[in-house]
Amino acid sequence: MNFDVSTQKNYLGLKLSDYYNSTKQPLVIGMAATDMKGNAVNSATANLQVIRVTWETVMERTYGTRYRYVSQKNEKVVIDKMVTIAKNGSTFTFTPNESGHYYIRLKDANANAYVQSEFYAYGWGSTQSNAFEVNNEGTIDMEFDKESYEAGDKAKILFKTPFAGKMLVTIERDKVFEYFYVTTDKRSASVEIPVKEAYLPNVYITATLFRALDDATIPVTIAHGFKSLPVTKKSTLLPVEIIAVEKSRSKTKQQIKVKTRPNSGIEVTIAVVDEGIMQLKNSKSPDPHGYFYQKRALEVNAYDIYPYVLPDFTSRSSSTGGDGYDLQKRVNPMSNKRVKLVATWSGILKTDGNGMASCQIDIPQFSGDLRIMAVAYKDASFGHAEKHMKVADPIIISPSIPRFLSPGDTLTLPVTITNTLAKSQQATVSVVTTGPLKVTGTASVNNTIEGGKESRPVFRIAVARQIGEGTISIKVNNGSETFSDLTDITIRPAASLQKVSGSGEITAGTSASVQPASNFIPSSREGKLVLSTSPVVQFSDQLSYLLDYPHGCLEQTISTAFPQIYFASLSKAIKNKPGKVVQISTNVQAAISKLQSMQQYNGALTYWQGGNYESWWGTAYAYHFLQEAKKAGYDVNDAFLNKIAVYLATKVKQHPTETYYYYDGSGVMQKREIASKDIFYSMYLLSLYHKSDLATMNFYRSKISTLALDSRYLLAASYLASGDRKAYAEILPKLFEGEKSIKNTGGNFYSYVRDEALALNALLETDPTNNQIGMMVRNLSTQLKTQPYLSTQERAFAFLALGKFMKQATGSKVTATVTSDGKMLGEFKGSDLTINKGFESSALTINTSGSGKLYYFWEMEGLTADGSFKQEDSQLMIRKTYYNRFGQALPSLNGLKQNELIVVKLTLSNMTRNNVDNVVITDILPAGIEIENPRVSTVPELQWIKDNTIPNHMDIRDDRINYFTGIGSIPQSFYYMARAVSTGKFVMGPVSADAMYDGSFHSYHGAGTVTITE
């Protein structure tokens, strides 16, 4: 039961003639009285009070030489009288005699509550030092008489200052428009300025106050203040009205009209977008007027030398005590346009003489709310409007289809049919599928749907053992018309994309056969054969791995782009696909731009884009890449480079150490404390690019025993790059032997192969005729051919060294033809040849002639229909377990109920003695389950979870979740909450864990099936 209760007899109102008033000038106070229903009351009696606010402000010394203002507010009643308010309202005139802040209060004679309004009064000579509140920080406060001003108005500005003095007032934004001086009266001043059209959309009123030198009782000698003054112009705002129906059916055409100012030639655009899309990011309708006339920043810099010329005085009185991911290979490789987005744009329209413009739009298969948005433009005037259109059919079809399916899935498909009419309807519901989908059982049912109610027939769909795209079409016929709903769906593999590759060499006059054996689905199979006279092509599998690496951190961004500077043609041959040519220059420049976005204030680069963890080694690596890119002609910002150089120069002077793990000459594992490897890479780069730090170099020249093997090469090269060959010869080891570093998956990513490649790079750059180079090149080539898993650092530095070494052509004059089943696929005539066809089923034959050698590389990628993969644990172990929301373990996911919540636990263990950094955990979900909440620590009912680990980064997709972490000796557990959303039997892929920079660290486990019932 609802009823109104009156809290007082009469309800009062106040209205002032002005917010900003001059002293000695009358102010009209309007008064009105109504009853609780809003009816005017005659002869209402009320108490009227006029109150002046004063501020008793003192300066207090806090500690040291710091001072602050402390103000206490006092209210002084100037007028207190009873007034009678007539039925049509009454007025009262008040003339303020003193400057200050005033309150007007009006209350019913029998009530305690009051209504209040306020105003400022100011007049020269009528101001006392306590008339206004002083800013506690000693700055100048300003009060405007309006919130915004129309061009042509006059703005009254009251300045409240911390002390009396001479004040410089400026009007500025991107330049200084005007300036003048004002002498304050006690602690305030008032000015009136004309508001010009040039001030659109805002200007800044700035004030600088200087204190007279003879008043040493106040330690502050200068005060500042600024405030934005908003300026508008009514003629810049175009009125816009959208004329359209409020309700529509789907699959119809609708006319949308826009009405604006009655002028021809006004440009108009209309957009119609699904309201759901707009709400995803709480998007507002476009407002060009608000954009072009939005508040602008103050672009004038202020420089103040006054405090240096006249420093603050000290008080005379004594004082009292007193804080990217590129994941292409870790996402669903299948994509389609499952969701048909409703987003229509009219193009540019022009109004007729009546200010009207119109367009016709097609409403697609859709049910919901459409937002119609219009913007108008003419010269310097803009306008916008929005309107909503509801779309609903007599029958609405809502199928419960998961976001994806996998080969071998069986989907139980409930279809909700809603009758939006008041009368019942007879409906025939049928399902038709395409692609790898097949309806099992009944494909059509008859239903009677009562008015305003729903019917829910259920169908079953089986997925064949193949991947691809399919459609599910649902049609409902009510006897007079047919309604339909079409859904595209991907059938994606339950396991990720897999690759096989091989390489070799052919002596001219012989032949070779390439026959990639794989169980890949024919429709997913893609192959590539690359022929070249350069022996580097033999390592194309390693280069391809590098170019395709699926993460976007600092180290990987550089490792992907760096080799493309030296191997542009080979990179193109590996990356190019039919109909899509890779632009190497664009890739390298994009990497440069990305690196520039990762720099912090001190010059260091962050490890992840948007992160705050700086990487010393990564910053040095970036400096190396950027300098080489600049040398190759790419656009690199010099200021960006210089900031990095300053950072590196600062870091090398700190002399940090690190614990180094390695095998000695006898193959025994050792560890010792060494000078950090970051130091010598940084010093080498600074010397190489003419910024040598001889003091730090000499410091470590006397401490050679604290250096790792590769660090000695880098220190020696630093001296040679600086012109000191004697020191170079003294420090350079005779051979790269005696110690082999054990792989480090974080920090500076050292390893035996990477260290030798880095040392070889330094020799090739500073002493290209050194007799150690040949042996080191052969060793690196062997490692690239024989090592099954190399890190991105090992690959990148090895290719940099080989790129420098193999600048000269081999002199080979070999030619070749490539055939498949007797059909010519391509001819090699000296230039690198790439073949992308012929890999579907048959072997490829390469026949050569001429002289010399021909090198080849092939690779094939594809997906297995059954989601097969090799289950194994290699130095890492990942396991998946399930719980209900109460912490009770579930033996499997067979028997889940629809809408049931489960908690998935992923446990990662390290089977080695070393820390493993940069590990990625990927859990592939079955089709019937969706991630509900990956942040379980925020869910009160999951307090039973005590060992949840916070990852370094998390990436969530429709069908999988990726965690990025590092692992030591203690196992780590990661939890996320998921919900069973679709009924059926679904194939579940494995959970995997692998080290980003060393594929030998990996684990794949836990594939199976999930059964979900109603």
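The model is predicted, so local features need pLDDT of at least 70, side-chain atom pairs count only at pLDDT 80 or more, and totals for chains, interfaces and linings use all residues. Residues are numbered from 1 along each chain as its sequence is written, and side-chain values use heavy atoms, with hydrogens and water left out.

The chain as a whole, then. It has 16 helices and 60 strands; these are DSSP runs numbered from the N terminus, helices being H or I with at least four residues and strands E with at least two. Of its 1014 residues, 51% are buried, meaning under 20% relative accessible area with a 1.4 Å probe, protein chains only. Its accessible surface is about 47,500 Å², with 49% belonging to carbon and sulfur atoms; the method is Shrake-Rupley with a 1.4 Å probe.

Next, helix α14, residues 752-766. In α14, 14 of the 15 residues are buried.

Now strand β20, residues 267-274, where 7 of 8 residues are buried. Which strands does β20 pair with? Pairing requires at least two DSSP bridges between two strands. β20 runs antiparallel to β24, residues 368-378, with 8 bridges. It is also antiparallel to β21, residues 343-345, over 3 bridges, and to β22, residues 349-350, over 2. Val 272 has Ile 372 as its bridge partner in β24 and Thr 344 in β21. Val 268 stands opposite Leu 349 in β22.

Conventions
Buried means under 20% relative accessible area, exposed over 50%, partly exposed in between (1.4 Å probe, protein chains only).
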